[in-house]
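I opened the notebook to look up a few things, one entry at a time, beginning with the layout of a chain and ending with a contact between chains.

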Amino acid sequence: MSDQDLVVETVRDILGGFEPFALTAERRWDAGLWGALAEAGLTGVGLPEEAGGSGGELADAVAIVRTLAAGAGAVPVAEQLLVAGPALLTADLDLPSPEHPTTFALGDAVTVHPVDNGDGPGRFTLTGTVPDVAWAGVAQHVVVLAPAPAGIEGAVLALVDASSLPATDASNLAGEPRGTLVLDRVGTSGALLTAAQASELRARYALARSVQLAAALEQVLAWTVQYAGERHQFGRPLGKFQAIQMELAEMAGEVTAVTALTDAAVQALDRGENVVLAAAAAKVRAGAAVEVVARLAHQVHGAIGFTQEHKLHHLTRRLWSWRDEAGSDLAWSRVLGAGVLAGGPDALWPALTRVV
Amino acid sequence: MSSNSLTLAPAPRSEAAEQLRAEVREFLAAELAAGSFTTHVDTWLSGVDPAFSKKLGERGWLGMTWPKQYGGHERSAMERYAVTEELLAAGAPVAAHWIADRQSGPNLLTYGTEKQRQEILPRIAAGECFFVIGMSEPDSGSDLASIRTKATRNGDGDWVVNGAKVWTSNAHHSHYGIVLVRTSPSDSANRHAGMSQLLIDLSLPGITINPIRILDGGHHFNEVVFEDVVVPGDMLLGEEGNGWHQVTAELAFERSGPERFLSTYPLVAEFGRRVAETGDPAALATLGRLSARILALRQMSLRIAAALDRGELPNIPAALVKDVGTTFEADVIEEVRRVVDVTPSLDSPDPLGRALAEAQLHAPGYTLRGGTNEILRGIVARGLGLR
């Protein structure tokens, strides 16, 4: 058993006590699940102990995120472990306590001003709206990536205390909070990042969603195979019909493609490589698989899968959301297309073999 | 984290393979510059050039994974993967040796006699000896167990072969065929019994090779007819009656390589040139989507190469990669058409129009050859526990 297997088992044990539920405006996240994970130290995994985290490797953090995604855990763990935490470390900023949910958001429309109040650099005010904030209203802190103040190259990473800030009630297709944060001269600690660091962070965010997508896609396949084995029509299990077998095999092909590419992108991140194009590719590939896998999963499940009586919607609604989050499918497709042509019109193949 | 038996471990990085990749790339650039070949789509079927195959043999890029005592180079499957991938991406003429290097050689290594190995393998590795696959017949396609080509022993202990094989790519340029024959009458209780593989010299009396033209008029396919062909008794490959098992093992090699997603890569390359020229955002996004699919397929195929290096024969994952990969090969055509104003023609002055025409006219083959995608999905369904 690898270290990750142990982590996975621990998370599964905890998840076993928390059934997924349909998220609503009244119940926007699984606070109980978060509490149990935090108590077990799992909300700080992959973040160094000296920074207040629980230690462990990137692979451990990824294993936790995958397991929670497959179990439709309504908690901001992917954001905290794979994006916000590492972002703060990159910027040399203090990590909030891992028990308090911290999320990440792209504040492309935020105006940043440096403040010199005598404490030295590292203080900024932020003004503007930040849309599509994952777990807005739930997360106590939001790590915002915003353009650097006028005249300065690069970007600013700011740690915003969101506990007293208003957020709209918007949610994604799965009911996960995706509200807009309104910032009006909000004072924060922050740090300057280079443009390269900023694009790496965007890639990390996309890769975090890809990891969740890969895990959810695998789980949807597993549920669908299981259902096809249990559901009988015309006197035999659905899975014995060739038409159904073809559909399940097609799903398996998509899932395997996503897993192979996402794993490779995560390994490249672990090796410290630039993963902008790898993350773009993983995200785009996963997005394409969502179309096929969610469609066929619902087709095989029939009418019951189209209701909230069955668990399938917990993952298919997330799949339909996640594929356009952390940068839309179209945006990342363009990033990848432009990226593989960056070496010139005759260097496409060498570029492709360098991505992962 | 595997949700089914289709999952293979990630491939380790191979620095040796990447170094080799650079050497192959340099060689191909020089060959292209010297005009020794021009890039085409699907060249592992249609690009027959024995002189080019010989050059690859001289550089040690054929029979790469085989023991040195048989002319091989004892390289890893990961290294072979890098070489084959570069050749395919360049649209180089690799058809002459492709089958021999990919599956006939490995088949001989496993099942051939010492004499067969010593005589034939070094010639394959030198790029001088070419093979055909003798599986399909006029009445036996996906249902391979229904073959009727028959071999019976004569009084001298030799085999007398009667029947016909079809879709035998490049039989008219090849030296040998590994031919699946019935050596016992078919048994409806055990359809896979009674078959054997024979190693047949295609110059033997009684063999007729008739061309079968494919959609673009090209002559790659043949019908190979056997009329009382006397095959020496020692040309039985492996065990009598073990043919089905041997064919199945061969298919892991036949189905797993990068030629199962790169047949139309030269079209993608031309499309990339066009996108670089126009900068059209929709086309840029399409290039991104196609790239993401290629990158995923590379990782899937690399996992198979790594599994081969571990000594596994990953038949089910190979079937899955081939299904996903060949579907991609054909999809490229429609993806390109949706975002570029181009008319496909083999006579087009526009290289993109020519590549599109080549890809289109070869398209029906991608998802048929080496096992139809329906057959492959049946194998995957078995891997999912449904059969």
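The entries below record what I looked up in this predicted model.

Entry on domains. I looked up how chain B is divided and found domain 1 at 15–129, domain 2 at 133–241 and domain 3 at 257–383. I then took the centres of domain 2 of chain B and domain 3 of chain B over C-alpha atoms, and they are separated by 31 Å.

Entry on the UniProt record. For chain B, an unreviewed UniProt entry lists residues 271–384 as "domain: Acyl-CoA dehydrogenase/oxidase C-terminal". Over residues 271–384 of chain B I noted 78% helix and 0% strand, with the end C-alpha atoms 37 Å apart.

Entry on one residue. I placed B:Asn170 in the loop of chain B that runs between strand S3 (159–166) and strand S4 (176–182). Is B:Asn170 buried or exposed? I put it down as buried because 21 other C-beta atoms lie within 10 Å, and the cut-off for buried is 20 or more. Leaving out residues up to four places away in sequence, B:Asn170 touches B:Val48, B:Ala95, B:Ala96, B:Phe130, B:Val132 and B:His220. I also checked B:Phe221, which is 51 residues from B:Asn170 along the chain, and the C-alpha atoms of the two are separated by 6.1 Å.

Entry on the contact between chains. I found that 42 residues of chain A and 40 residues of chain B take part in the contact. On the side of chain A that touches chain B, helices H5 (195–230), H6 (242–270), H7 (276–301), H9 (329–341) and H10 (348–355) of chain A each supply at least two residues, and H6(A) gives the most, with 15 residues. I sorted the residues of that side of chain A into 28 nonpolar, eight polar and six charged.

Methods
Residues are numbered from 1 along each chain as its sequence is written. Chains are lettered from A and ligands numbered from 1 in the order in which they are written. This is a predicted model: local features need pLDDT of at least 70, side-chain atom pairs count only at pLDDT 80 or more; totals for chains, interfaces and linings use all residues. Domain bounds come from an automatic or database domain assignment. Helices (H or I, at least four residues) and strands (E, at least two) are DSSP runs, numbered from the N terminus. A residue is buried if 20 or more other C-beta atoms lie within 10 Å of its own, exposed if 12 or fewer, and partly exposed in between; C-beta atoms are placed from the backbone. Two residues are in contact if their C-beta atoms, placed from the backbone, lie within 7 Å. UniProt positions are given in the numbering used here, feature names are shortened, and annotations may be inferred rather than shown by experiment. Ala, Val, Leu, Ile, Met, Phe, Trp, Tyr, Cys and Pro count as nonpolar, Asp, Glu, Lys and Arg as charged, and the others, Gly among them, as polar.
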